Amino acid sequence: MSENTSGPIHASAPSGAPATGRGWDRQQMADRLSEKFQDGWLVNLGVGIPTLCSNTDIGDREITYHSENGLIGYGPVLPAGQEDLHLVNAGGQNVSLKPDSVTVNHADSFAIIRSGRIDVTVMGAYEVAANGDFANWKVAGQKGGGIGGAMDLAACAKRVFIILEHVTRKGAPRLVPSCALPVTARGVVTLVATNYGLFAPTGTGFRVVELAPGMSFEEVRAATGAPLEG
Amino acid sequence: MRSKTFGSFAEAVADIPDGAVIGIGGFAAPGTPYNLLKALRERGAKGLTCVGNTTGGAHQPRMPDIASLVENGQVRKVIASFTAATRPTDVLPFTKYYESGEVEAELVPQGTLAERMRAAGAGIPAFYTPTAVGTELAEGRETRVFNGREMLLEYALPLDYAFVRAWRADASGNLVFRLTQRNFCPVMAMAAKVCIVEVEEDILPAGALDPDAVHTSGIFVQRMVKVPAAPEGIWAVRREERKK
């Protein structure tokens, strides 16, 4: 994986993850968000868990994936030996072309983003706040950070979906009343998928859209930093 | 007219002075001017400001990147969209020089970085963008409301030199990039006083390229060097070969 990416990667399941058979795994989290993609959408996927959205069977819906490095429309990562070294996605992976793929320069790629033509961007995050703020470019005490295209995408895409583990490795909530970390954009998140379910920021808390199998409202409420609304 | 084609990378970077502002094209491997970076390291110009998407990764074996110039004591400042690794637990070769204060850095959102160079190349001194409004990056800076939305003022980013890598070129300096090799290269060429290109295929006679297929006009290109075959020239390698 290249460092040329947007948003953090959470390398392994946190210790607060529910026991096997309860909650969603990463692919299921991605699948829940992919179900919301509508026919004809232009979708930008951040690295890490969001890339799993491209594995979801989307039936007969036509979805085009946009990669910030100027690649519009791409297919799966190619196996070793079949890569084209001139062709990478935002994570530096050697992806494949589709029949209608095109490449543009970086200014044009971000013109597509800044002018509001991305229907949804799906990103990882460290924290999401009840008011739709989120943080994904800098951890506490870090000098510098990794923004990549995340701020452009978060400020300008029509919708921002976030996918993240519900709690940190130490068990602290990631769905919080307000972000403690420096934010990527303010008031933009409309839908959050975690291993515990699907949630929508309401301004004052998080509304449960769907609970993952085996998760109770009470249990999820205890693991959420902001008020959980039924 | 003086030829734009140079015989070696050393010759192409020979006059780069201390304190130059240099844009380094590339996103991951495609478009990265490895050979020009290596030649600049050998030339040894100091006090440089380097502009690029990243400072380079932690992959082994290392390829020439901005961090290799930093390690060689040539860089005063870096302007990039990543000044830390994406995974907070990863440490970039650049990190210790930045944390110790040996090198300064300006962190710029990727689309703003591209547009600041495009603006410089287009004769536009500044522009407003919604990106980074309400974040730490906008603290203390000028914003203005357009159509009911707060926008952040950003200034053009002119370069003294641009280093880019292209697939094809003709003797006039017209460039064609292949697939995602294009990335920042055209905007850096526009933003620079002197754009130096490493070209993968043999440089064609003027007029050999289809005029409708040119990505960057030779107007923006001053110097070119053909990349020799490996091992003399540096080429991207496949992931599994990189591990060996």
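Tutor: Tyr196(A) has a relative accessibility of 6%, and because buried means under 20%, Tyr196(A) counts as buried. The model is predicted, and what follows should be read with that in mind. Tyr196(A) belongs to the loop that joins β10 (189-194) to β11 (197-201) in chain A. Leu211(A) is 15 residues away from Tyr196(A) along the chain, yet their C-alpha atoms are separated by 6.2 Å.

Strands β10 and β11 of chain A also take part in the packing around a helix, α1(A). Helix α1 of chain A covers residues 26-34, and its buried residues are Met29(A), Ala30(A), Arg32(A), Leu33(A) and Ser34(A). These buried residues pack against β10 and β11, and also against β5 (120-123), β8 (160-163) and β12 (206-211) of chain A. At the N-terminal end of α1(A), the cap is Asp25(A), with a side-chain oxygen 3.1 Å from the backbone nitrogen of Gln27(A).

Elsewhere in chain A, three strands make an open sheet with mixed pairing, in the order β7-β6-β9. The edge strands are β7 (134-135) and β9 (175-176); each has a single partner strand, so one side of each is left without a neighbour in the sheet. Strand β6 (residues 127-129) pairs with β7(A) in the antiparallel sense, over 2 bridges. Glu127(A) has Ala135(A) in β7(A) as its bridge partner.

Next comes the contact between the two chains. Chain A contributes 55 residues and chain B 52 residues. The area buried between chain B and chain A is about 4400 Å², with 56% of it given by carbon and sulfur atoms. There are 3 salt bridges between the chains. In one salt bridge, the side chain of Lys138(A) meets that of Glu136(B), at 2.9 Å from N to O. Polar contacts across the interface of chain B and chain A involve 24 residue pairs, both residues being at pLDDT 80 or more. On the chain B side, the elements that give two or more residues are α4 (95-99), α5 (110-122), α6 (185-191) and α7 (239-243). The largest share, 6 residues, comes from α5(B). By residue type, the side of chain B that touches chain A divides into 21 nonpolar, 19 polar and 12 charged residues.

The account of chain B can continue with a strand. Strand β3 (residues 75-80) of chain B is mostly covered, with 5 of its 6 residues buried. Its pairing with β2 (residues 48-51) of chain B is parallel and runs over 4 bridges. Lys77(B), in β3(B), has Thr49(B) standing opposite. Strands of a sheet pair through backbone hydrogen bonds, whether parallel or antiparallel.

The loop between α3 (66-71) and β3 of chain B holds Asn72(B). The side chain of Asn72(B) makes a polar contact with the side chain of Gln74(B), at 2.8 Å. Leaving aside residues up to four places away in sequence, Asn72(B) touches Arg41(B) and Lys46(B). Gly44(B) is 28 residues from Asn72(B) along the chain, and their C-alpha atoms are separated by 8.0 Å.

Definitions and conventions:
Residues numbered from 1 in each chain as written. Chains lettered and ligands numbered in written order. Predicted model: local features only at pLDDT ≥ 70, side-chain atom pairs only at ≥ 80, totals over all residues. Heavy atoms only, no water. Buried < 20%, exposed > 50% of the residue type's maximum accessible area, 1.4 Å probe, protein only. Contact = heavy atoms within 4.5 Å. Buried area = accessible area lost by both parts, 1.4 Å probe. Salt bridge = Lys/Arg side-chain N within 4 Å of Asp/Glu carboxyl O. Polar contact = N/O pair within 3.5 Å; in protein donor to acceptor, adjacent residues only side chain to side chain. Nonpolar A, V, L, I, M, F, W, Y, C, P; charged D, E, K, R; others polar. Pairing = 2+ DSSP bridges.
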